[in-house]
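Reader: Could you walk me through the side-chain contacts and the surface of this protein? I would like to learn how each feature is read.

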Amino acid sequence: MRLTTFWRWWGAGTTSHLGSAIGGVALPLTALTVLDASALEMGLITAAGYLAYLLISLPAGVIVQRVPLRGTQVTLDLIRALAIASVPLAWWFDALTVAQLIVVALVVSFANVLFDVANQTFLPEIVPAAQLQARNSLNSGTYAATQLGGPSLGGLAVQLIGAVPTLFVDAVSYLISAVLLRTLPARRLLQPAERPPMVTMIREGWRFVLRHPIIGPSMWDATATNFVCGGMLALFPYYLVRELHASPLMVGLLLAADGLGTLVGAALTTRFTDRVGTARGLVIAAVVGVAGALVIPLGSGTAAYLAFAVGNLVFAGSSVVLSVTTRTYRMLASPPDLLSRVIATVKFVSWGAIPLGSLLAGLLAGPLGARTTLLIFGALTVLSPIIYLSTPIRRLRDLPLDAAAEPVEARV
């Protein structure tokens with residue numbers, strides 16, 4: 001029963017991730033090639049795609065704790081499908097604008113926040129604790145595979161049929177995901193005799209994260225890394241198309257390097273952390289990520305393509321080691337009744353940095369150029385190892401599950 005449920009859950013996520021990877025190439029190419037978007041407009045579109053993490057991540061943890069997971073996820077899949085499908089429909093009626101792309105990205109981002117918190121909350125309910133690291137690695141590996149194949153397929157599709165029609169693939173993937181999720185068992189909601197106010201519940205999750213000696217620093221590290229990722233997400237398509245003059249197919253192939261790095265990182269994470277330790281693994285991965293980020297915007301011509309691919313691969317591989325290790329630790333170290341709020345708090349802070357990075361990158365790329373801006377953002381990745389080296393994590397081999405954190409009852 002557990003395996004059957006997990007694989008249906010996994011199949012839904014895999015399908016939507018593949019569609020999103022294809023759409024992740026088609027949407028920015030729609031902005032660049034159909035609407036001739038500027039660097040600032042690309043920054044705004046990317047920022048809109050993550051703005052909801054700043055706006056509703058904290059209440060999302062409480063909302064997910066109070067609503068049926070299955071019904072919520074199905075509804076959110078349908079909302080995302082409709083939002084994406086509106087783009088080719090508007091294009092066919094000659095009414096597509098950059099403003100609509102921003103609105104679509106914003107709607108999808110709100111749905112993504114609630115969906116992701118619900119999805120991560122659901123996983124520990126269907127997977128035993130002893131299997132969480134392996135399942136999280138599998139999920140990251142699968143995601144990596146979609147990020148490897150999706151952009152390549154997306155670039156090829158855009159080359160053959162155009163950027164806008166390719167977006168229908170993304171919309172259909174959400175519909176398939178909704179159908180699969182509809183077959184999962186519904187979570188039985190336990191209605192407490194007294195329901196604490198939402199602000200009180202949010203505060204419990206917030207304080208638990210901030211005062212936890214491992215989860216807190218890991219969140220700040222993820223925040224620094226995601227700020228850089230926000231700038232990269234905004235500028236990668238712009239840099240490849242406008243400064244390296246890459247074709248849609250080449251854009252897809254180069255962006256797929258991120259998926260290859262994630263796939264390698266996910267495949268090696270458990271073996272790597274078993275050998276060096278989970279705490280040491282975080283420090284090593286953070287240092288390696290700096291090197292990868294600084295290589296991305298180097299070179300010219302063919303050398304620039306190679307540097308972009310290699311740097312992207314290394315940076316993505318190091319990032320997935322950080323992500324899998326800290327995500328698994330949060331699931332194991334957080335009290336079950338706090339898990340959704342812990343996840344929401346971490347997403348609010350760390351993912352909330354993505355739109356800020358996107359906006360700053362868009363503003364800087366106009367006067368400085370995309371290459372210089374990417375070098376600046378690459379230099380900022382040095383904050384990641386600095387954060388870990390300034391905490392007790394630097395003296396540990398493994399992350400302790402009994403790390404001291406003040407009990408919830410004493411902080412409310």
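Predicted model: local features only at pLDDT ≥ 70, side-chain atom pairs only at ≥ 80, totals over all residues.

Reader: How many salt bridges does the count come to?
Author: A salt bridge is a side-chain nitrogen of Lys or Arg within 4 Å of a carboxyl oxygen of Asp or Glu. By that rule there are four salt bridges. One of them joins Arg80 to Asp77, at 2.6 Å from N to O.

Reader: Where do Arg80 and Asp77 lie?
Author: Helices (H or I, at least four residues) and strands (E, at least two) are DSSP runs, numbered from the N terminus. Both residues belong to helix H5 (residues 69-92), three residues apart, about one turn of the helix.

Reader: Is Arg80 buried or exposed?
Author: Buried means under 20% relative accessible area, exposed over 50%, and partly exposed in between (1.4 Å probe, protein chains only). Arg80 has 4% and is therefore buried; Asp77, at 0%, is buried too.

Reader: Which residue forms a salt bridge with Glu204?
Author: Glu204 pairs with Arg341, and their closest N and O atoms are 2.7 Å apart. This pair links distant parts of the chain, with Glu204 in helix H9 (residues 198-211) and Arg341 in helix H14, 137 residues apart. Glu204 is buried at 17% relative accessibility, and Arg341 is buried at 4%.

Reader: What does Arg242 form with Asp36?
Author: Arg242 and Asp36 form a salt bridge, with 3.1 Å between the closest N and O atoms. Arg242 lies in helix H10 (residues 215-243) and Asp36 in the loop between helix H1 (2-34) and H2, so the pair ties together parts that are 206 residues apart in sequence. Here Arg242 is partly exposed at 28%, and Asp36 is exposed at 57%.

Reader: On to the rings: how many aromatic pairs does a search of the whole structure find?
Author: Rings of Phe, Tyr and Trp (its six-membered ring) pair if their centres lie within 6.5 Å; planes under 30 degrees apart count as stacked, over 60 as edge-to-face and the rest as tilted. The search finds seven aromatic pairs. Among them, Tyr50 and Trp351 are tilted, with centres 6.1 Å apart and 40° between the planes. Tyr50 sits in the loop between helix H2 (39-48) and helix H3 (52-55), Trp351 in helix H14 (residues 339-351), 301 residues apart.

Reader: What sits over the ring of Trp351?
Author: A charge sits over a ring if NZ of Lys or CZ of Arg is within 6 Å of the ring centre and within 35 degrees of the ring normal. The charged end of Lys347 does this at Trp351, 4.2 Å from the ring centre. Arg80, from our salt bridge with Asp77, also lies over the face of Phe115, at 4.2 Å from its ring centre.

Reader: Which residues do ring pairs link into a cluster?
Author: Trp91, Trp92 and Phe168 are linked this way. Trp91 is partly exposed at 33%, whereas Trp92 is exposed at 52%.

Reader: Finally, which helices each supply at least two residues of the nonpolar patch?
Author: Patches are made of residues with over 30% relative accessible area and no salt bridge: like charges are joined within 9 Å, nonpolar side chains (Val, Leu, Ile, Met, Phe, Trp, Tyr) within 5 Å. Accessible areas come from the Shrake-Rupley method with a 1.4 Å probe, and for residues only the protein chains shown count as cover. Helix H16 (370-380) and helix H17 (383-389) are the suppliers in question. Leu368, Ile376, Leu380, Val382, Leu383 and Ile386 make this patch of about 450 Å².

Technical notes: Residues numbered from 1 in each chain as written. Heavy atoms only, no water.
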